[in-house]
Amino acid sequence: MRSYFVRRVLGAIPLLIGISLVSFIFLHVMPGGPDALLARNSRMSAEQLAKVRRSLGLDQPLPVQYARWFTNILRGDFGLSFTQFRPVSQIIGERIPHTLRLVIPAIVLSIALALVAGIASAVWRYSLADHIISGLSFLGLAMPVFWFGLMLQLLFSVQLGWLPSADMTSGDGGLVASAKHLVMPVTTLAIGTVAGWSRYVRASTLEVFRQDFVRTARAKGLAERLVITRHALRNALIPFVTVVAMDIPFFLSGAVVTETIFSWPGLGRLFFDALRARDYPVLMGLLVYAAILIVVFNIIADLLYAWLDPRIKYR
Amino acid sequence: MLHTFGSTEQQLQPAPAIGYAGLIWRRFIAHRLAVAGTILLGMFVLLAIFAPLLSPYSPSEPDLFNQLAPPSLQHPLGTDPLGRDVLTRLLYGARVSLAVGVLSSLISVVIGVVVGAVAGYYGGRVDDALMRLVDLLLAFPAIFLLLILFATIQRSLAIVILFLGLFGWLYLARVVRGEILSLRERDFITAARALGASHRQLIARHLVPNVTGAIIVTFTLDVAINMLAEGTLSFLGFGVPDSTPTWGNMLNGAASYYTRAPLLTIAPGLAITLAVLAVNFIGDGLRDALDPRG
């Protein structure tokens, strides 16, 4: 197991270098990159421009810029924001707790709902409950996430006036007020994943139900409830665990839309604001951060799978 | 493989031979949701095509004496902040949404099939290099890359279609590669090779046609994904330029008029949802119809 872990991590190093290279090229070689942005600023004289470019290192050849940027990243230094003139790592660091306050409840909610809905629709296959759950999953997959968020706002904030539509700092800061602020963004963030995951849980549970050991368990007269909980689910949920691990980083891309709609000051909103201001160092920092999360959670998913399923040999 | 399957089916049912396409068609129309999806999508296509005949209004010409008009006989869904008829803009938006979904997915299919087939057929270093590239690109959330790209370059409808297509082939490439990797060891490939088929013939005439089912299903799901992506990008203000009415564009800024004109928010989102739902139903029906084990 340990050697598998080590090899998996070492194997990710070329990938991480590739990620940094793609991010760098993507943001520097495009028309309208950082250079073009500076050149467009007409308030700067040619002399000032040259000075700024020198201080930002933009006058160096691209490979040199890349090498410098890459070694800086390794030290956790993502450079200075073009708009806030502060270290990008500091800005990102400030936003992480806010995003986690949305993402963690959203993940928990998604897992809980997906398990309940998926298992129920597999156990009572083709029942009314299954049809309703399947219908809702189809709807959840077809609805644009941002529109679902807008509909929640329209219904619960504007029409009914029950929940605040934005600005998490409003209210008295108590537990109830904070919870009220969380309800809609968390639900919005969870909706797409719940739909996909519950379909997945349903399919993998049905798959296990067809297998011989389940038939054996039933044949020996085990109560149906125990067949399901002891034998079927434990096996059905192994692949689900890895799916969850692989999907977790994508809550961050979901956060871009959700946080924008609900004016939530997390990483997603930071990305959107940086996009509008074309704050390249911030964008690059977030891009690399998201890519690293994806790679890390892929490794976690593989390790979990190997650990949970004794049939998998990790060589 | 496809033909053997068709013929066993014929042995089981002595009824008139229907052939492979006929069999798929029968299974598809037996799938109720798929038929419903086809009808729904067909309606969207007709509405999109005949938009100029169905509406007397221009989708883009502002009418400043008629801003945010409530629903009426003249304007069944009311007008937007610039006085444009919402229903008209929805009809024209269907054109963009469908075009983006289908065209960008076509681009993805071409790239995905070529990359997947080449990687699966040649194997070895070619395969390694191409699959590492796919791994690398999959490590980025596509929406981040697209947003950064569209915030930077001059956007147009064609550009949005092109780049959605360029970013959407990764999954299909993996699927096609996997299938071809196992197919190329089969006897019919050995036979074709023995008959002197070139690499190109083997790939294009013998291997890829046997993956058609997987390609069609992935293509359909891609159409849905790309329609949603266009909606999201345009809603955030980094998709198709404002001058073209799209469902996503119509939603951009609609939230400011929640109380005065809630339909501005409700209608375009409902249109996206229904269209994507229709496409997903069709995809589901095709998957079931094309699955030889079904």
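Biologist: Leaving aside its neighbours within four places in sequence, which residues is B:L146 in contact with?

Modeller: This is a predicted model. In it, B:L146 touches B:F163, B:F167 and B:L233, once neighbours within four places in sequence are set aside.

Biologist: Which nonpolar core does B:L146 belong to?

Modeller: A nonpolar core is a set of buried nonpolar residues joined through C-beta atoms within 7 Å. B:L146 is among the residues with the most contacts inside the largest one, which has 127 residues.

Biologist: How many residues of chain B are in contact with chain A?

Modeller: In general, the size of an interface is often given as the accessible area lost when the parts come together. Here contacts are counted instead: 31 residues of chain B meet 36 residues of chain A. On the chain B side, α6 (124–138), α7 (142–152), α12 (212–236) and α14 each supply at least two residues. That side comprises 22 nonpolar, eight polar and one charged residues.

Biologist: How many helices and strands are there in chain B?

Modeller: Chain B has 14 helices and zero strands. Its C-alpha atoms fill a box of roughly 75 × 50 × 25 Å along the principal axes. Of its 294 residues, 43% count as buried. Among the contacts in chain B with a separation of 6 or more, 70% join residues 24 or more positions apart.

Biologist: At what angle do α6(B) and α9(B) pack?

Modeller: The angle is about 145 degrees, and the axes of α6(B) and α9(B), the latter being residues 170–183, are 10 Å apart. The crossing is left-handed. B:V134, B:L137 and B:L138 of α6(B) make the contact with B:L170, B:A173 and B:R174 of α9(B). By class, this contact has five nonpolar, no polar and one charged residues.

Biologist: Turning to chain A, why does A:A50 count as partly exposed?

Modeller: A residue is buried with 20 or more other C-beta atoms within 10 Å and exposed with 12 or fewer. A:A50 has 13, so it is partly exposed. A:A50 lies in helix α3 of chain A, residues 46–56. Its C-alpha atom is separated by 26 Å from that of A:S89, 39 residues apart along the chain.

Note on methods
Residues are numbered from 1 along each chain as its sequence is written. Chains are lettered from A and ligands numbered from 1 in the order in which they are written. This is a predicted model: local features need pLDDT of at least 70, side-chain atom pairs count only at pLDDT 80 or more; totals for chains, interfaces and linings use all residues. Helices (H or I, at least four residues) and strands (E, at least two) are DSSP runs, numbered from the N terminus. Two residues are in contact if their C-beta atoms, placed from the backbone, lie within 7 Å. Ala, Val, Leu, Ile, Met, Phe, Trp, Tyr, Cys and Pro count as nonpolar, Asp, Glu, Lys and Arg as charged, and the others, Gly among them, as polar. Axes are lines fitted to C-alpha atoms, for helices over the stretch in contact, and angles run from 0 to 180 degrees between N-to-C directions. A crossing is left-handed if the near helix is turned anticlockwise from the far one by less than a right angle, and right-handed if clockwise.
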